[in-house]
Amino acid sequence: MDSNEKKQNYKKDFVVFQDVVKLYGSGDATVRAADGMSFSIDEGDFVVIVGPSGAGKTTALNILGGMDTLTSGHVLVDGEDIGQYKGKRLTQYRRDEIGFVFQFYNLVQNLNALENVELASQICKDTMNAREVLREVGLSDRLYNFPAQLSGGEQQRVAIARALAKNPKLLLCDEPTGALDYQTGKAILKLLQDTCRQKKITVFVITHNSAIAPMAHKVIHIKNGKVDKIKENAFPVKADILEW
Amino acid sequence: MKAIHKEFYVDIRKTIGRFISIFLIVALGVGFYAGIRSTEPDMRLTGDHMYDASDLMDLRIISTLGLEAFDVEKIAELDCIEKAAGAYSGDVIGQIGDNEHVIRFLSMPDGINEVTVTDGRKPENSAECMLDRSFMEQQELKIGDKLEIVSAGNREIGDLLTNTEYTVVGSFTSTQYMSASTKGTSTVGDGKVAGLAAVPEDAFALEVYTEIYASVSGAKEETCYTDAYDELVEAAADEIRDKVQDVCIQARYDEMYQAASDVIDEIVAGEKEVENGIADANQVIVDLKKQIQTAEKGIRKLEDGISEAEAGKKQAQAAIDEIQGTVDVYDRYIERFSDLGYVPAGQLTNRDVPLEQLETEKQQYVTAQAPYKGTIEQLDKTIADCRRQIAEIEEQIAKAEAGIQTANEEIAKAEDTLKDLQLKEGDARAARDELESPVWYLTDRNSIQTYLDYDQDAERISRIGIVFPVIFFLVAMLVSLTTMTRMVSEQRTQIGTLKALGYSKFSIALKYIRYALLATVLGSIVGSIIGSKLLPVVIVNAYHILYPSLSHVVTPVNLTYTLTAMGIAIGLVLAATVFASYRTLAANAAALMRPESPKAGKKVLLERIPFLWNHLGFYGKSTYRNLVRYKKRFFMTLFGVSGSMALLLVGFGLKDSTSEISDQQYGELHTYNASVVMNLSASDARMEEARTFLNEDNRINGYMEMQEGTVTASSPAKELTVYLEVPKESGGLPQYIKLRDRADKEADLPLTDDGVIITDKMARLLDVQAGDTFLLEINETEQKELKVAGIAENYIYHYIYMTPAVYEEIYGKKPEYNKMLLDTAEGIEEDSLTSDLLNLKAVNSVLFNSYIQDKFQDVLKSIDIIVLVLLISAGGLAFVVIYNLNNINIAERKRELATLKVLGFYDAEVTRYVYRENILITILGIGVGCVLGIFLHQFVIQTAEIDLIRFYKQIRGVSFLYSALLTAAFSIVINIGMYFKLKKIDLAASMKSIE
Ligand SMILES: Nc1ncnc2c1ncn2[C@@H]1O[C@H](COP(=O)(O)OP(=O)(O)O)[C@@H](O)[C@H]1O
Ligand SMILES: [Mg+2]
């Protein structure tokens, strides 16, 4: 699939950060986790965020995902300034538009794979069939296994399936391969990239691993709470041919 | 070690919620245990202080013939007696304003049974009185009111009191009469003492003391209600019996005998006097009769004189008449020959005889007549004289005869008097012969109803105090178990690090042990201080309703109970802590450094039933799996909530059971409305009068006669004092007393000559069943076997029911029906019927069942306090477990909850997800609590039950409802509090790490 062709149908500047500032703590202990971040992402982009530990990557993603509020600045998603959202409105934004994938899967231990996915889909209106999604992530024969009965990669697939089942506009992944071995990590990245390509979902992936950068449409380098540089790849590399 | 030490306090600060959980539950358990357990000794101690302060008597002596100064002296002389004082008391009907009340007048002996002046002052003269405070409050009386004595029952007012009007100058309380509602029964008025009046001794007109109060040497130093005290007093009582009683009784008897003898002597003297009178009168008669005889003799003599005179008169007349004949012859000649002037010869003589001669001769004859005429005249005079004398004498005779009549009458009268006196003498002699020695009754404080009640109240509270802390202690153990499990698993990595650094298992474990120990010890101390300082005060103060004079509460922290409770708590919590940590501590350092693999979700049983399972949402599914997964927590919460429910149920149930006792006893079983005790020594006519009244008064539907007495029944298991009831006609019994089987309430148990019916609790205590036998004490030496024909439902006291025939067979005499059970009409004025009945001479006392039921209401008030205490504890229990559950759940499942939030669950949905579990446990807890509560209630009732009463075992439906609602309310309140904690979960932070 040609990326230029894609871009004609997809919205431009789907996600926009304008001078986003996030302060933690107060007084002497104030930490500027985000110190005036600005960038713009088009719909359907596969975005990789890299940067040293403590740079503010998670902060940026959490603000984008409605898990955290910003101190100042604007975050526009599909034209809406979600940075102004609070309380229930913010929850609703998470509920309807965001899919999250974390390093530590965060599955509900009490629910089996299928139920974990259904857990997400039951609260959204326009959802995908849970079995279908699980099949897509390659877990059709592990539907009734509990998280503890699945490997790390499988658990992360369930987490991705759970995020996808909601049919989100944004899929936000915070170091999704951090706890996985190389092969598994690669498979997960491929899954994410494929998802991005096939489902018109804008995907953000935080990683320490700059070797992943070639996969992305855009690579955002963050340093000290600021966007250091943004690199665009006209032709992102497919995950399965990537080596690191 | 230093590092661990410092960390210890940081840990506590970080997990303050958990620390407080353990602290609270331990405080609750220990406080409850120590508090309630010490209430018993505290109440006793409080009672003791109060009794000592008022110098409440240790012994009370009453005698059938009253008591005298001599008796007081004799008792006071004993070494074992510290003080003895005579006292007066008597019941009257007094009027204050428009209302009449039964008032008990009491003298105020010095230094014993002191009354406490609560208002005004003590009376200073015999026309002043103080009234007891509760009466003054109930009747809204004030100082200055006037009390007028209307009646003193069977005796004259003047025989009891010197005055009929008293001015109220103050109010008082007395430890002898602590109860506001029960001051005693009386034989006057409606039979219930309403108020007490304290007056100086000289207000009484009685000749002898009605009672002697004595305090026993050294008894003040002992605490009352203890064995030591009882033994001391009992020993003193024995000494009085051994050394004083007989002397005093003999003295009193001798005195009475002398008095009786004096009376007899007096009568005998009277008799003598009368007899003398009779003798005198008889003498008079004799004299008079003699006099009459003499007089009659005189009359006869006089009459003889008269007849003699008459005869003389006749003779003289005859002489006169003879001479007259001669004179007549002369006259004839004189007449015939008057013309001639002579009498021719031949006629008389042969010569002529001149008339003159004739005349002369005739005159001689006439003259000769004169002496005779004089004699006659003389005799007539004599006769008249005699006649007069006779009349005189006859008058004398009549007078004498009248005298005799009078004397006879006098004699008759005197004989009547004599007969009377002889009767009196007989009576007096009989009275003297029948004269019995007075009987002394020595009673101790146990004769004071409130003294006993108070002790029983204390005991009841204490018994309950043994049962409940079990729940708290169990929950305390479960709370510590879950809390410490959580602590240990949170600090897994840290433990691993410490182990890797070479710390020993024990030194690491010590940290957790110290943590738990600190919470437990602090909880124990705070709990026992608050518990044993507060609970007794609360409970004792609550008893103010029943005992208004109860004041100063003595509440030392009772070390025994505190240490016991603390020991139990520490033991349980430590066991839980060790159990919670040993597995983790046993693992090697490397394993501990790796994150603990999350507890696997597991299929629960319900999943095997797809039909049900598929109908559950995620909330449901997750809830069920969670319940199964976190068993400790589940059981802790379940136990806590069900404990809370059970406590409430026990509280309400206790109230139900207690109120049902009187409702069942007097509403269902003893359906008669009043009982009348008859005076068996009343005359038949009086008895008949009473029966007529009962038959005719339209306030009375019917009555049944029976004999009631107290007897001793025994079996190898137990000896009991029970009532023996012998209804006159067992056929009519069901109208008044229902004898029915507990299991089959419809069927009446027939009372026949085949055996006796006994009440259920008695059967239980004697351990007998229908068909068995038990022993009845006939007199001090003889026991007879009785066959149990049936066992009847009953709640208050114990009863044996038997037919007159059985009674006669056993006792060898007919029953004497000393009691009447009345079935009265609806809505009558009980007070007026009572007074009317008491006006009957054959009626001794009247007791309405409604009065007993009222008394029960007082008992219920004391149960209310227990309910309140249980309510607070139940709340505390529910709070601790639900708080702890939520606290741990939220801490442990923070990530899960954050995940839900990240997924876009609204706060309400997240809350519902978590609370599902709480709600389910609450519901389950309520269910389990019902069962637990029923058992606990049974247990409490069986423990708290006194021998004389059988509690009703059922709990009412509404009590279940109230308990369930309250438990749910506790749960809801605490969960609402936790909602805010849920809301505050920091999403970003929770998702960041792997715990
Ligand atoms: N909740 C918080 N409170 C205080 N400081 C925080 C918080 N979250 C992140 N920070 C700080 O903000 C900075 C950026 O953190 P983060 O965005 O997590 O970095 P990273 O790029 O590694 O994901 C770091 O210095 C971090 O310590
Ligand atoms: Mg990060």
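**Reading surfaces, pairs and turns**

Mentor: D767(B) is exposed, with a relative accessible area of 58%. Buried means under 20% relative accessible area, exposed over 50%, and partly exposed in between (1.4 Å probe, protein chains only). The model is predicted, with local features needing pLDDT of at least 70 and side-chain atom pairs counting only at pLDDT 80 or more, while totals for chains, interfaces and linings use all residues. Residues are numbered from 1 along each chain as its sequence is written, chains are lettered from A and ligands numbered from 1 in the order written, and side-chain values use heavy atoms, without hydrogens or water.

Trainee: Where does D767(B) lie?

Mentor: D767(B) is in the loop between α18 (760–766) and β18 (773–777) of chain B. Helices (H or I, at least four residues) and strands (E, at least two) are DSSP runs, numbered from the N terminus.

Trainee: What is the phi of D767(B)?

Mentor: Most residues other than glycine have a negative phi. D767(B), which is not glycine, has a positive phi near 60°. K200(A) is also a non-glycine residue with a positive phi, of about 55°. The loop that holds K200(A) runs between α7 (182–199) and β8 (202–207) of chain A. K200(A) counts as partly exposed because its relative accessibility is 44%.

Trainee: How many salt bridges does a search of the whole structure find?

Mentor: Side chains of opposite charge can pair when their charged atoms come close. The search finds 52 salt bridges over all chains, each being a side-chain nitrogen of Lys or Arg within 4 Å of a carboxyl oxygen of Asp or Glu. One of them joins K243(B) to E239(B), with the closest N and O atoms 3.1 Å apart.

Trainee: Why are K243(B) and E239(B) separated by about one helical turn?

Mentor: An α-helix has 3.6 residues a turn, so residues three or four places apart point the same way. K243(B) and E239(B) are about one helical turn apart because they stand four residues from each other in helix α6 of chain B. E239(B) is partly exposed, at 22% relative accessible area.

Another pair is R686(B) with E689(B), at 3.4 Å from N to O. Helix α17 (residues 684–696) of chain B holds both residues, three apart, about one turn of the helix. R686(B) is partly exposed at 35% relative accessibility, and E689(B) is partly exposed at 33%.

Trainee: Which residues are linked in a network of salt bridges?

Mentor: The network links E668(B), R740(B), R742(B), K745(B), D760(B) and E793(B). In a further salt bridge, K784(B) meets E782(B) at 4.0 Å, N to O. K784(B) is partly exposed, with 26% relative accessible area.

Trainee: Where is the patch of negative charge, and which residues gather in it?

Mentor: Patches are made of residues with over 30% relative accessible area and no salt bridge; like charges are joined within 9 Å, and nonpolar side chains (Val, Leu, Ile, Met, Phe, Trp, Tyr) within 5 Å. Lys and Arg count as positive and Asp and Glu as negative, while His and the chain ends are not counted. A charge is placed at NZ of Lys, CZ of Arg, CG of Asp or CD of Glu. Here, E303(B), D304(B), E308(B) and E394(B) gather on the surface as the negative patch. Helix α6 (residues 227–336) of chain B gives the most to this patch, with three residues. E308(B) lies in that helix and counts as exposed, at 62% relative accessibility.

Trainee: Which residues make the nonpolar surface patch?

Mentor: I525(B), V526(B), I529(B), I530(B), L534(B), V538(B) and V557(B) make this patch of about 510 Å². I525(B) belongs to helix α11 (residues 505–542) of chain B, and its relative accessibility of 36% makes it partly exposed.

Trainee: How many residues of helix α22 of chain B are buried?

Mentor: Helix α22 (residues 894–903) of chain B is mostly covered, with nine of its ten residues buried. Among them are R895(B), E896(B) and K901(B). Just after this helix, G904(B) takes a positive phi of about 105°.

Terms used. Accessible areas come from the Shrake-Rupley method with a 1.4 Å probe; for residues, only the protein chains shown count as cover.
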